[in-house]
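Please look through the sequence and the model below before reading the notes that follow. They go through a few topics in turn, so that each can be found in the picture.

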Amino acid sequence: MQPLLIKYRTYCSSIAISANCQIARYVRLGQIQDARRVFDQVPNKSIVSWNSIIAGYFQNNQPKEALLLFDKMPERNIVSWNGLISGFVKNRMVKEARKVFDQMPERNVVSWTTMVRGYVEEGLILEAESLFWQIPEKNVVSWTVMLGGLIQDGRVDEAQKLYDMMPVKDVVARTNMIAGYCQNGRLAEARELFDDMPRRNVISWTTMVTGYAQNQKVDVARKLFEVMPEKNEVSWTAMLMGYTQCGRIEEASEFFDVMPEKPVIACNAMILGFGQNREVDKARKIFDSMREKDDGTWSAMMKVYELKGSELETLNLFSLMQRQGLRPNFHSFVSVLSVCASLANLDHGRQVHAQLVRSKSDSDVYLSSVLITMYMKCGDLDKAKRVFDRFSHKDVVMWNSMITGLAQHGLGGEALQIFHEMCSLGIAADEVTFVGVLSACSYTGKVKQGKEIFESMNSKYLVEPRTEHYACMVDLLGRAGKVYEAMDLINKMPFEADAIIWGSLMGACRTHMNLDLAELAAKKLLELEPKNAGPYILLSNIYASKGRWADVAELRKNMMARKVSKSPGCSWIDVEKKVHMFTGGESMPHPEHSMIMKMLERLGGLLRESGYCPDGSFVLHDVDEEEKVQSLGHHSEKLAVAYGLLKVPEGMPIRVMKNLRVCGDCHSAIKLIAKVTGREIILRDANRFHHFKDGLCSCRDYW
DNA sequence: GTAGGGTTAG
């Protein structure tokens with residue numbers, strides 16, 4: 001051959017190689033269009049060019065385009081075929097991968113191993129095992145894939161057996177086995193293997209550190225971390241997360257500050273860590289300082305606001321991220337739906353639902369359970385049921401959402417019906433199920449059924465009753481007026497009663513006018529929650545009614561000394577897609593305050609005509625009679641209802657939310673308001689829903 | 001320059 005020709009050919013192939021390099025580089029950067037542009041311009045495409053661009057489409061989740069190109073290839077080698085299997089596996093299309101595997105002209109150990117890996121990733125461990133044992137010439141990689149599959153399946157003992165059978169064990173195989181032990185808390189065995197390793201690298205070290213960190217041995221993890229010969233950002237992040245997961249946020253924060261590099265994952269973990277401590281500002285500082293954010297960053301920050309109770313900030317962030325063209329992930333959807341639920345912001349909730357449908361996430365069982373809860377808490381029972389009915393395979397979480405939601409709407413019968421349906425389908429009830437079922441019984445006065453279910457929890461359903469369940473039962477008995485029986489249960493229960501239990505007994509005693517038990521419950525509650533105003537006020541009312549003025553004075557002194565304040569009642573209503581807040585007392589008045597006052601006066605007149613008489617015994621302030629009546633007129637729920645009457649178009653239900661339980665006087669008043677105005681009023685309080693219509697409430701005055 | 005295995009999360 002002529003030297004010039006050789007030179008020319010070398011020149012051509014070097015052009016081709018550099019083109020392939022460029023394609024691969026663009027693929028690595030996720031810039032598939034740029035990769036394609038280069039590919040289209042290469043004059044004499046080699047198999048490598050084709051293989052690279054096809055891999056690129058697979059990596060960018062465009063398997064159709066990848067397959068289209070594969071079909072157009074002038075010739076293919078085994079790498080092309082294996083790339084196709086691998087591409088399908090990466091796109092969770094294991095059936096397609098298998099088809100390719102069955103059709104390909106020849107297979108090597110990579111083809112087999114990729115296919116086994118495909119089954120492992122789908123959790124189809126039986127298929128993986130059967131294929132693995134058919135591999136004609138296994139190598140250390142095939143063995144390791146199978147080992148990883150068994151570990152992922154939680155079968156550590158079998159993994160150990162397989163590990164012992166391996167003819168060659170390299171650092172990757174050993175690290176896999178160490179991780180397997182660690183995930184099952186078998187730290188001693190992990191450490192032994194780690195110490196016996198002939199060679200270690202940064203990943204094996206990190207695996208061992210993570211093992212200690214995830215098993216609450218952060219200090220041991222830190223010691224090992226300190227002596228690591230080489231650290232990368234994953235090692236640092238793993239150590240950081242050891243601290244955040246144990247709730248040791250201060251140490252996490254110190255550690256975070258000295259990290260040489262702060263990868264996105266670490267920042268996200270630190271944001272969530274601060275969230276655990278409700279340190280919004282520190283979390284936000286990291287969030288703002290991050291030049292690169294991923295979807296996890298946004299969902300972490302949303303979660304922080306959600307935990308803090310800053311619902312509006314969560315919603316703001318959710319819309320901000322979308323305005324920046326980012327798609328919300330699973331966790332952001334969960335946060336935003338929870339926030340819609342707690343604000344009972346039905347409009348917004350519906351929009352999020354529409355987005356879920358668009359992003360094809362509406363078939364996710366978990367997300368749909370959150371969606372059901374959202375619709376329930378927004379008072380849209382029909383929509384909740386529709387989401388529920390769409391799923392033929394419901395998990396226990398979804399059943400729980402439905403049962404709890406029905407309970408909150410006072411539909412005890414329907415809740416029990418759903419519960420029995422779930423049991424007959426063989427779905428195992430869990431702790432949450434029983435909180436829902438028992439509170440359904442409680443809210444609807446089903447004392448007998450409630451007791452039966454509670455007593456059979458352990459024997460029939462194999463669920464050990466916990467404090468929450470005892471709380472439901474105390475509530476159930478107390479509401480039904482069986483306060484002594486409730487007291488007996490508290491004495492008999494195997495745990496110390498908590499503030500919720502005493503509070504519920506106290507409430508029952510107030511309703512049923514049992515002053516002796518009320519005093520006992522209030523005193524217990526005071527010990528547990530010295531800053532809770534409820535028991536002070538109740539006690540002072542009791543003492544006053546008995547003329548024990550010295551005790552009243554003593555109580556007042558204590559209240560002042562401990563800086564007790566009543567948690568402010570607050571109600572809100574959605575009008576024209578805007579939330580209008582009302583607080584009962586003296587704080588900032590609504591801009592349309594005078595109109596609302598006029599409405600209240602008019603209502604007052606109408607109510608008096610129909611024989612309404614304000615009931616001062618519900619007022620928690622210890623003021624004199626006249627002031628009491630005045631203050632009742634200003635309770636936040638009444639203000640919100642009045643505003644709703646002014647603004648919500650005729651024929652639409654008025655939906656009001658309140659952060660505390662509805663006051664008894666307001667409850668009577670709203671029943672009458674519904675009657676004299678002919679409007680339907682739906683009030684969601686801290687516990688449940690009240691549907692007011694024609695002078696009646698769905699709770700049948702039992703709440 | 002193209003195909004298979006191990007470490008960080010809610």
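A residue counts as buried when its relative accessible area is under 20%, and as exposed when that value is over 50%. The model shown here is a predicted one. By the cut-off for burial, H353 is buried, because its relative accessibility is 11%.

**Around H353**

- H353 belongs to helix α22, which runs over residues 346-358.
- If residues up to four places away in sequence are not counted, H353 touches L371, Y375, K383 and V387.

**Helix α5**

- Helix α5 covers residues 78-90, and at 1.5 Å a residue its 13 residues should span 18 Å, which agrees with the 18 Å that separates its end C-alpha atoms.
- Because 10 of its 13 residues are buried, α5 is largely enclosed by the rest of the structure.
- Among the buried residues of α5 are I78, W81, L84, I85, F88 and V89, and the list also includes S80, N82, S86 and G87.
- The elements that cover these buried residues include α3 (47-59), α4 (63-72), α6 (94-103) and α7 (109-121).
- At the start of α5, a side-chain oxygen of N77 comes to within 3.1 Å of the backbone nitrogen of V79.

**Two residues with positive phi**

- R92 follows α5 and lies in the loop between α5 and α6, where its phi is positive, about 55 degrees, although R92 is not a glycine.
- R92 counts as exposed, because its relative accessibility is 57%.
- A344, which is also not a glycine, has a positive phi near 55 degrees, and its place is in the loop between α21 and α22.
- A344 counts as buried, because its relative accessibility is 8%.

**The nonpolar cores**

- The largest nonpolar core has 190 residues, and the members that touch the most other members are I53, V116, L240, I271, M301 and L505.
- Helix α21 (residues 330-343) gives this core its largest share, which amounts to eight residues.
- V116 is in contact with A128, L131, F132, I135, V145 and M146, when its neighbours within four places in sequence are left aside.

**The surface near DNA strand B**

- There are 46 residues around DNA strand B, and those that come nearest are N20, N51, N139, M241 and G296.
- Sorted by class, the surface near DNA strand B has 17 nonpolar residues, 25 polar residues and four charged residues.
- Of the atoms of DNA strand B that lie within 4 Å of the protein, 45% belong to sugar or phosphate, while the rest belong to bases.
- For N176, an N or O atom of the side chain is 3.4 Å from a sugar or linking oxygen of DNA strand B.

Key
Residues numbered from 1 in each chain as written. Chains lettered and ligands numbered in written order. Predicted model: local features only at pLDDT ≥ 70, side-chain atom pairs only at ≥ 80, totals over all residues. Heavy atoms only, no water. Core = buried A, V, L, I, M, F, W, Y, C linked by side-chain atoms within 4.5 Å. Buried < 20%, exposed > 50% of the residue type's maximum accessible area, 1.4 Å probe, protein only. Helix = DSSP H or I, 4+ residues; strand = E, 2+ residues; numbered from the N terminus. Contact = heavy atoms within 4.5 Å. Expected span 1.5 Å × (residues − 1). Polar contact = N/O pair within 3.5 Å; in protein donor to acceptor, adjacent residues only side chain to side chain. Near = heavy atom within 4 Å. Nonpolar A, V, L, I, M, F, W, Y, C, P; charged D, E, K, R; others polar.
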